[in-house]
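Me: I would like to learn how to read a protein model one feature at a time. Could you take me through this one?

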Amino acid sequence: MTNTRLEFTKMHALGNDFVVIDATRTAVPLTVPQIRLLADRRRGVGCDQILMLEPASEAGVDFGYRILNADGTEVGQCGNGVRCVARYAIDRGLTDKTELVFATQTTSIRVQVGAETIHVDMGEPEFEPTRIPLAVSRMCDRYPLEIDGHSWFFGAVSMGNPHVVLQVEDVDDAPVRTVGPRIETHPLFPERANVGFACVLSPDRIRLRVWERGVGETQACGSGACGAVAVLRRLQAVGPDVRVELPGGTLATHWDGPGHSLWMEGPATTVFDGVITLS
């Protein structure tokens, strides 16, 4: 069996942590066991997701960008992750542009890189059930769901990946780690779902915890923050500018409503560079 020497960079965005790999010059194939080892916090490097920066494969795109969950599955959107790969590309001299477009397996994402924070165009929220996807017959503002005899009502939206949003009175007491995984894998969601538990503090401020599909609860979730804002704005619970307070820190969002992109702003931090040998 041949061992693979892999260079990587550990980064995080408000505690949502990543292993970033530069595959712009040479392809870096990883098996599912290798992905799981990299993400393992005791036997590997430890991360929520592995981000693979690749060459652009289409016109109008600066880089390809793959998002590999800790369980080895690949997903199509990560708002915190795209801030990290944007910062990485600039810091490593892979580009001298400050406005970049990244393409994932499901969408393209436009970012504007500043000195301290990065603005991300997360696209227009999509509420149509077939686009989320959500296995219901018609679109509603809120949908009923019963878990272990308890009735929940949730909003659903796609931000390039599927999000469920439940309003709670207190996120600290929310059953994120029990109800979250039950909803993630519920038959209503053929591609599974990210599950956000949101508390509205004021029209311009919410608190949020997110159970991410294929990962578990994370310190912050960029697309989850945007999904929560989109659902709550649709319910007229918040205004166009909302600060989303997550366990790892705060993201700023802006959405003018249907027909407009939802923008997110936040930091991206490099922690360390390293090398690991994978078998």
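Predicted model: local features only at pLDDT ≥ 70, side-chain atom pairs only at ≥ 80, totals over all residues.

Me: How many helices and strands does the protein chain have?

Reply: The protein chain holds four helices and 18 strands. Its radius of gyration is 18 Å, close to the 19 Å that the globule rule gives for 279 residues, so the chain is as compact as a globular protein of that length. Along the principal axes, the C-alpha atoms occupy a box of roughly 50 × 40 × 35 Å.

Me: What share of the residues counts as buried, and what can be said of the surface?

Reply: A residue is called buried when its relative accessible area is under 20%, and 52% of the 279 residues fall in that group. The accessible surface of the chain comes to about 12,300 Å², and carbon and sulfur atoms account for 45% of that area. As for charge, there are 26 positive and 35 negative side chains, with the centres of the two sets 4 Å apart.

Me: How should I read a helix?

Reply: The general idea is that an α-helix has 3.6 residues a turn, so residues three or four places apart point the same way. In this structure, helix H2 covers residues 79-91, and its 13 residues reach 19 Å from the first C-alpha to the last, close to the 18 Å expected at 1.5 Å a residue. Helix H4, residues 222-234, also has 13 residues, and its reach of 18 Å is close to the expected 18 Å.

Me: Where else does a residue other than glycine have a positive phi?

Reply: Asp148 has a positive phi of about 50° and lies in the loop between strands S9 and S10. With a relative accessible area of 64%, Asp148 is exposed. Arg192, in the loop between helix H3 and strand S12, has a phi near 65°, and its relative accessible area of 23% makes Arg192 partly exposed.

Me: Which residues does a cis peptide bond join?

Reply: Such a bond joins Ile132 and Pro133, with omega about -5°. Pro133 is found in the loop between strands S8 and S9, and Leu134 is placed in that loop as well.

Me: Is Leu134 buried or exposed, and what does Leu134 touch?

Reply: Leu134 counts as buried, because its relative accessibility is 5%. Leaving aside residues up to four places away in sequence, Leu134 touches Pro129, Tyr143, Phe154, Ala156, Leu188 and Phe189.

Me: What do other loop residues show about burial?

Reply: Val238, in the loop between H4 and strand S15, is buried, since its relative accessible area is 7%. Its contacts beyond four places in sequence include Val200, Ser202 and Ile206, together with Val229, Leu232 and Arg233. The C-alpha atoms of Val238 and Ser202 are separated by 7.2 Å, although these residues stand 36 apart along the chain. Pro29, by contrast, sits in the loop between strand S2 and helix H1 and is exposed, because its relative accessible area is 68%. Between Pro29 and Met52, which are 23 residues apart in sequence, the C-alpha distance is 9.9 Å.

Definitions and conventions: Residues numbered from 1 in each chain as written. Heavy atoms only, no water. Helix = DSSP H or I, 4+ residues; strand = E, 2+ residues; numbered from the N terminus. Rg over C-alpha atoms; globule rule 2.2 N^0.38 Å. Buried < 20%, exposed > 50% of the residue type's maximum accessible area, 1.4 Å probe, protein only. Areas by Shrake-Rupley, 256 points an atom, 1.4 Å probe, with all protein chains shown as cover. Lys, Arg positive; Asp, Glu negative; His and termini not counted. Charge placed at Lys NZ, Arg CZ, Asp CG, Glu CD. Expected span 1.5 Å × (residues − 1). Contact = heavy atoms within 4.5 Å.
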